[in-house]
Amino acid sequence: MIDRRAILGLISALTLGLAPTAWAEGEVAELTVALAVDDANFNPTTASVFKLAEQFGYYEKHGVKVTFVSLDGTPQAVAALQSGAVDAADISLDAAVRLRAANDVALRGVVAVSTGSPFLIAAKTDITKIEDLVGRSFAIADNGSLDHALSQAVLRSYGIAEDGPDYVAIGAPAVRIQALAAGQVDATAVSFGTYSSIDGKAADVHILLPAKEFSERAPALAKFVAAREDTIAAKGDAIQRFTNALIETSRDMAANPDKWIAAAVAARPDLEPAKIEGTAKAIADRWCVNGCMNPAKIDDSVAFVYANPDFKDVPVLPGSDMVDLSFTTKALEVLGVDRGTGMDGQP
């Protein structure tokens, strides 16, 4: 069981002295952001933009110093954001809806770094169809984690009940995929980048549901960077600079895939360069070159969340109540509107 008090104590210690502050023009603004462990390191998905913005100098260019707090999954990031221990957190949309609508936590999504879902479902080779997952062990990061929520949503689209698989909380994607390769669990959902670490090496594992099909059955906006409204009021300048840096980095990576490949190869020596090149092709149209805050897609994604039977008693809020579009709007005024790719095209 997660010891949330210990986690929040650690975060408070890490962020001591970084209380919300108004930043004058020309000063370096500071921001603390909670990320899942993989994203805080180098996740071979578009979420790698968090690290790449630092590596390629975009945070420095936009005058913001970002301190990332690495946490083990969405539930811990949500707890950190709710407590005010961090300024912002990259959290799942369903967690944000529950916080704001059911728990009356005043937060807003400000920018996103991923369109669609990067997950696929990998399973033992004796599991040949989705329905075979019923009654089998399915590794997740934690109850309520992004991979858990999205897996349930995707399986629900196949008519499989929430308690169909035997969900087992064992941690980060790398741990889950290695557990599957070792035969300790029957299936799991991980990104295509994580799966590449065992691709061709585990004889009894295969891709049961490819990433493209998983994404088609999941919401267009699965996660966003959210901040509490009081933090937005106090640190709006820092959040704006952070937003600008993420968008400009995403555009750089989308326009220069070889640059991303080189960075990924250097950061992830555990992955074969050929697999990284394949991942680059898979994420080519997923970079959030305009911040991925398209209002129509936000509305659709929020509706997708409320379609979950677990949300039947949660007060219904419109998509517009979940976000603050001013940051991406201003970023596009400053940077211009990119032509848009995939699900990040502008309305």
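This is a predicted model: local features need pLDDT of at least 70, side-chain atom pairs count only at pLDDT 80 or more; totals for chains, interfaces and linings use all residues.
Reader: Which residues does Gln152 touch?
Author: Leaving aside residues up to four places away in sequence, Gln152 touches Glu162 and Tyr167. Contact here means heavy atoms within 4.5 Å.

Reader: What makes α7 mostly covered?
Author: Of its 11 residues, 10 are buried, among them Leu146, His148 and Leu155. Helix α7 spans residues 146-156; helices are DSSP runs (H or I, at least four residues), numbered from the N terminus.

Reader: How do you know that Cys288 and Cys292 form a disulfide?
Author: The rule asks for a pair of cysteine sulfur atoms within 2.5 Å. The sulfur atoms of Cys288 and Cys292 are 2.1 Å apart, so the pair meets the rule. By this rule the count comes to one disulfide.

Reader: Why do Cys288 and Cys292 count as buried?
Author: Cys288 is buried because its relative accessibility is 1%, and Cys292 is buried because its relative accessible area is 6%.

Reader: What is the average pLDDT of the protein?
Author: On this scale of the predictor's confidence in each residue, from 0 to 100, the protein averages 87. Residues 1-24 stay under 50.

A note on conventions: residues are numbered from 1 along each chain as its sequence is written. Local features need pLDDT of at least 70, side-chain atom pairs count only at pLDDT 80 or more, totals for chains, interfaces and linings use all residues, and side-chain values use heavy atoms, with hydrogens and water left out.

Notes:
Helices (H or I, at least four residues) and strands (E, at least two) are DSSP runs, numbered from the N terminus. Buried means under 20% relative accessible area, exposed over 50%, partly exposed in between (1.4 Å probe, protein chains only).
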